[in-house]
Amino acid sequence: MSAGAAGRGRGEVTLVAAGAGDARTVYELRNDPFTVRYSGSGRPVAWEEHARWFADRVARPADHRLYLVRCNGETIGVLRFERRDARTAGISIYLAEQAVGRGIGTDVIRAGCDLIFRHWSVGSVEAEVIAGNERSVRAFRKAGFSPRSGAAPETSGCTLVRTRDEAAGGEPS
Ligand SMILES: CC(C)(COP(=O)(O)OP(=O)(O)OC[C@H]1O[C@@H](n2cnc3c(N)ncnc32)[C@H](O)[C@@H]1OP(=O)(O)O)[C@@H](O)C(=O)NCCC(=O)NCCS
């Protein structure tokens with residue numbers, strides 16, 4: 001991801017696995033009104049609920065992977081994967097408002113999928129996007145996702161899917 005990032009006049013963007021000490025950082029990004037607006041639930045979460053959820057997620061890397069999106073030493077977003085079943089993972093991403101619209105999300109989604117296909121033996125990754133979130137639909141499409149057949153992503157919420165690219169994937173560890 002770093003090479004693409006540098007070419008667009010922004011700092012180098014990296015993905016860092018979140019640890020137990022990152023609960024507050026993730027909480028603040030998750031509850032930012034900009035993130036809440038595009039979340040599936042449409043509501044902020046309470047600290048106690050988040051703390052329980054976060055501790056559970058970071059303790060189970062076989063089923064959940066949480067990454068901080070970092071740029072110039074600052075955490076500007078969160079990328080998350082969850083195993084849904086043996087063949088499918090879910091993806092969720094949110095960036096801070098000041099970081100959106102510069103191509104970072106597209107690069108992060110692409111790099112994150114490459115990572116998860118190396119770590120997990122899933123065949124596809126799915127994203128749920130709420131109605132009206134065109135920027136998200138465009139970012140996922142550019143990162144290799146396609147709307148599930150029959151979906152009309154520009155007008156109604158939808159699921160977008162990216163399947164394992166066998167040529168680039170390699171064997172999962
Ligand atoms: C969705 C998100 C991850 C996308 O990342 P991003 O860095 O903002 O996206 P990009 O800069 O890579 O741009 C994606 C595309 O959307 C377009 N876009 C930007 N703003 C837009 C807008 N307001 N409406 C429609 N399209 C828009 C961009 O032009 C780009 O397409 P193009 O390159 O073909 O022109 C990021 O915007 C985000 O975190 N948003 C808030 C939370 C969220 O929606 N998460 C996803 C939930 S499924």
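Figure 1. Of the contacts in the protein with a separation of 6 or more, 58% join residues 24 or more positions apart. Two residues are in contact if their C-beta atoms, placed from the backbone, lie within 7 Å. This is a predicted model: local features need pLDDT of at least 70, side-chain atom pairs count only at pLDDT 80 or more, and totals for chains, interfaces and linings use all residues. Residues are numbered from 1 along each chain as its sequence is written. The protein has 173 residues, and buried ones make up 26% of them. A residue is buried if 20 or more other C-beta atoms lie within 10 Å of its own, exposed if 12 or fewer, and partly exposed in between, with C-beta atoms placed from the backbone.

**Figure 2. Order of helices and strands.** Seven helices and seven strands are present. Along the sequence they follow the pattern α-β-α-α-α-β-β-β-α-β-α-β-β-α. Helices (H or I, at least four residues) and strands (E, at least two) are DSSP runs, numbered from the N terminus.

**Figure 3. Packing of H5 on H6.** Helix H5 (residues 104-119) and helix H6 (residues 134-142) pack at about 45 degrees, and their axes are 8 Å apart. That angle makes H5 oblique to H6. Angles under 35 degrees count as roughly parallel, over 145 as roughly antiparallel, 65 to 115 as roughly perpendicular and the rest as oblique. Axes are lines fitted to C-alpha atoms, for helices over the stretch in contact, and angles run from 0 to 180 degrees between N-to-C directions. H5 gives Gly-105, Thr-106 and Ile-109 to the contact; H6 gives Ala-139, Phe-140 and Lys-142. By class, three of these residues are nonpolar, two polar and one charged.

**Figure 4. Gly-157 in its loop.** Gly-157 lies in the loop between strand S6 (146-147) and strand S7 (158-163). Gly-157 counts as partly exposed because it has 15 C-beta neighbours inside 10 Å. Neighbours within four places in sequence aside, Gly-157 is in contact with Val-129, Ile-130 and Ala-131. Glu-134 is 23 residues from Gly-157 in sequence and 9.9 Å from it in space, C-alpha to C-alpha.

How values were computed: Nonpolar A, V, L, I, M, F, W, Y, C, P; charged D, E, K, R; others polar.
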